[in-house]
Amino acid sequence: MTEQKSRRRFLKLAVAASTLPLLEKIAREPAYADLPLLTVDNPQATGLSYVEDATTSGHALYKAGNNCSNCQLFTAETGACSLFPGFAVAPEGWCAAWMKRA
Ligand code: SF4
């Protein structure tokens with residue numbers, strides 16, 4: 001095996017090894033499509049004035065630009081919100097519990 005082939009093989013193995021943790025993480029977490037989408041008629045969602053489109057919110061706490069995708073409680077990989085376990089929320093949604101991402 002030439003030195004160039006050996007180096008190429010080493011680089012391929014290094015790239016493969018570096019992607020393993022990411023692949024494991026993806027395999028462990030439920031996919032966005034695995035969670036049912038939270039609906040506005042869910043009692044807890046209603047209580048927090050959840051809307052699927054933040055720009056339609058007339059709530060006094062709503063500020064333009066705030067939505068689920070930039071909320072501290074949102075997990076982008078799954079669409080989950082820690083306030084609504086078992087559901088995905090719309091990234092462009094909003095509710096009165098919105099928290100600025102740290
Ligand atoms: Fe969206 Fe944040 Fe409200 Fe969850 S807490 S529904 S992520 S605005």
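Predicted model: local features only at pLDDT ≥ 70, side-chain atom pairs only at ≥ 80, totals over all residues.
A cavity, on a 1 Å grid over the protein atoms alone, is a set of points where a 1.4 Å probe fits but cannot get out. A molecule sits in a cavity if more than half of its atoms lie within 2 Å of its grid points. In the structure before you, the largest cavity is the space taken by the ligand.

Residues are numbered from 1 along each chain as its sequence is written, and side-chain values use heavy atoms, with hydrogens and water left out.

Which residues surround the ligand? They are Tyr-50, Cys-68, Cys-71, Leu-73, Phe-74, Cys-81, Leu-83, Phe-84, Cys-95 and Trp-98, where near means a heavy atom within 4 Å. This shell divides into 10 nonpolar residues, no polar and no charged; Leu, Phe, Trp, Tyr and Cys are among the types counted as nonpolar.

I turn to the cysteines. With a disulfide defined as a pair of cysteine sulfur atoms within 2.5 Å, the count is zero. Cys-81 is buried at 11% relative accessible area, and Cys-95 is buried at 9%; buried means under 20%, exposed over 50%, and partly exposed in between, with a 1.4 Å probe and protein chains only.

Finally, Asn-67 is also buried, at 17%. Its side chain makes a polar contact (a pair of N or O atoms within 3.5 Å, one able to donate a hydrogen and the other to accept it) with the side chain of Ser-69, at 2.6 Å.

Conventions. 1 Å grid on protein atoms, 1.4 Å probe; cavity = no way out; pocket = protein on both sides within 12 Å on 5 of 7 lines; lining within 4 Å.
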